[in-house]
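This report covers overall shape, nonpolar cores and domains. The sequence and the model come first.

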Amino acid sequence: MTQPSNLSSPAQIDDIRPPLTSIGVIGWIKSNLFNGLFNSVLTLVTFFFLCKIVPPLIRWIFIDSLWSSTSTECRSASGACWSIISANYRFILFGFFPYELQWRPLSAMILLIGLLLISRHRRMWSKTLFYAWTAGLFFMAVLMKGGIFGLAPVESTQWGGLPLTFLLAVFGLAAAYPLGVLLALGRRSRMPAIKLLSIIYIEMIRGVPLVSLLFMSAVIFPLFLPEGLTINKILRAQAAIIMFTAAYIAEVVRGGLQGIAKGQYEAAESLGLNYVQTMRLIILPQALKIVIPPSVSILISAFKDTSLVVIIGLYDILKTTQTTLANPSWMGFSREAFFFLSCIYFVCCYTMSNYSRKLEKEL
Amino acid sequence: MSSTKQTENSIPFWQDPSRRAIVYQLATLAVVGFIAYYLFSNTVTNLQRQSIATGFHFLEKEASFEVGESLIRYSAADSYARALLVGILNTIKVAFVGIVLTVVLGTFVGIARLSSNWLVSRMAAAYIEFFQDIPILLQLIFWYAVFYDSLPAPRNALEPFPGMFLCNRGLAFGVPEPHPAYGYVAVAFLAGCLCVYFLRKWARIRQDRTGLAFPVFSTGSAVLLGFPLITWFVFGAPTAMNMPRLSGFNFTGGLTVSPEFTALLLGLVLYTAAFVAEIVRSGIQAVSKGQTEAAMSLGLKPWQTLNLVILPQSLRIIVPPLTSQMLNLTKNSSLAVAIGFPDFVSVANTTINQTGQAIEGVALIMVVYLIFSLVTSAFMNWYNKKIALIER
């Protein structure tokens, strides 16, 4: 009778540790890289290719590379020539903005990044933040344009580089958002004429490439204006980007509106709220909250799409890089220059898409 | 009756939603119409002032510019209309080849992303993240720069595979020497497709009636491969290849693909495949694990599980976003204008610059792309109707 009690007492039994091959590093490798014949072969093949590619790449980027030299020294080196960046970074980043005034676009960008960082936290979302953004966008425009507060005016034809990319994307999204919300409401409207107009606009814009709208902004917009009135190229491109982005925002917001339960509308109606009140107080606050993650995706594509203004000859960061490469002494270092540019775009887009994914999980 | 009438009459029109709606709509239409009229009249005065003739008469004039590559016969003496047609065909060519390659690569990467192999899955994730986050235009310009900056002249061309040459003049590879047999092989392949289609139909009917399954997959692949192969043998099994040969400064013979086309294709495929991979991954993941387990417990084999249970469900999720990605690829091919491939937008741009017919040119671009997207959405609607869940 005493034997079984011994068995059942937990103190007597030693926990047998799992075999060494199924825990720790070995276990992890075994279950993630070599589980089965097919996966083992796959791992070895992938590993082989990585060994072929990665070490030479690292040599090219870090070991054999030149960081601050003249272009003639670069031509004889076997590694990457990062000197093209260090010698021209001011032009690549700021374009033709007057050299001694380049602190202004720089501080505008810092202001923008600061605002973006603050808006990252959900507890910061409030009316104050909205006013902060309005003020921030205003100050950014002032810093770029000058002319008041004792700042020397800078013609917008001289704007360029990364600030231009940021401005086109952020102002584009900020201006397109209200328009997109209106279009989405129009598309869900019960009034046939308004519904039809919204559908035609949204589907037409979504059906054509952005390039065609940019062409339109470059060659047709000037014809639309009465004689004597001209709008500069950047604003016209901005208008095209706004028109384009608004259609995509409208579709995203429509998705959000469809996600609102019918009971919400009925409840609002039974409280006696009219259409504007229903939308402003009940429906839109909920719908816009749902569509924040897809809106970030739209910001990402708007940011990437601003690079298309190169085609109509604006000096965004891609064009300034190409101009640098057209300089005879730096000709031929396109890999380095485009690699640098890719890194800038990658860091920006990766941060935003990571944030959007995090938000999606939270909401 | 009379009381209702009375209440109706007593409501002032601004408090009657249906009558108010009419007022709103009329007001909107008036505003839109006024803006349209204003822009139109400005345009007309501006055009008159600059003495630009409107209309599409310029299409019949001589284009007098060369187009780099063309699927149909074209020379500078042909009309603008023909030049634009060349552009449309080039767009369709790059879109078609691009879509096929994108679907293949995207599916491959999407499945790799789901692999239980950590290394493979991480590599696929890195690919997806990296290529999604870099603007397509930058990628196109980068690949084009690789051609003219980094690749050697034809004399020192790289040879990644025997018979395939990569140099700054493009990509050259061998193609089979023309032979009448290949025409018959193509016919045999089409006949095989038709046979498999009817075989599938017949097998389904037979299974519904008798419960007996027919090995459609193995028979079908045998037919699809066997028919052309037998035809090839019957017509003398030609094996002569037309290989690219270096003569002077460039390759002759074989098939040479221009750097512009290769760069455009490479950029579009690598960029879009990253998005397609995400779509494929989420489509497969969306089918719950219970479905696989249920299929397994019914005794279905792994490929049957995939074919009969997983794919029909995940395709329903995958295909709609996939079509929109294909449309995106077609629209993005308009960026060819930045690297000098003569696609439709690029030809239309040249036409605008030469004739000054900006409005007509941009309108043509928009109409052509709208037709592309209308065709795509028509296909989408047809497909959605076909695979819609029939709930009983």
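Two residues are said to be in contact if their C-beta atoms, placed from the backbone, lie within 7 Å. Leaving aside neighbours within four places in sequence, B:Leu140 contacts B:Ala263, B:Leu264, B:Gly267, B:Leu335, B:Ala338 and B:Ile339.

This is a predicted model, in which local features need pLDDT of at least 70, side-chain atom pairs count only at pLDDT 80 or more, and totals for chains, interfaces and linings use all residues. Residues are numbered from 1 along each chain as its sequence is written, and chains are lettered from A and ligands numbered from 1 in the order in which they are written.

B:Leu140 is among the residues with the most contacts inside the largest nonpolar core, along with A:Leu214, B:Leu137, B:Ile141 and B:Leu264. A nonpolar core is a set of buried Ala, Val, Leu, Ile, Met, Phe, Trp, Tyr and Cys residues joined through C-beta atoms within 7 Å; buried means that 20 or more other C-beta atoms lie within 10 Å of a residue's own, also placed from the backbone. Helix H8 of chain B (residues 259-286) gives the most to this core, with 16 residues. Helices are DSSP runs of H or I, at least four residues, numbered from the N terminus.

| Core | Size | Residues include |
|---|---|---|
| Largest | 145 residues | A:Leu214, B:Leu137 |
| Second, separate | 7 residues | B:Phe165, B:Phe251 |

An automatic or database assignment divides chain B into domain 1 (17-51) and domain 2 (80-127 + 259-387).

In chain A, 32% of the 363 residues are buried. The C-alpha trace of chain A spans about 105 × 80 × 40 Å along its principal axes.

Conventions. A residue is buried if 20 or more other C-beta atoms lie within 10 Å of its own, exposed if 12 or fewer, and partly exposed in between; C-beta atoms are placed from the backbone. Helices (H or I, at least four residues) and strands (E, at least two) are DSSP runs, numbered from the N terminus.
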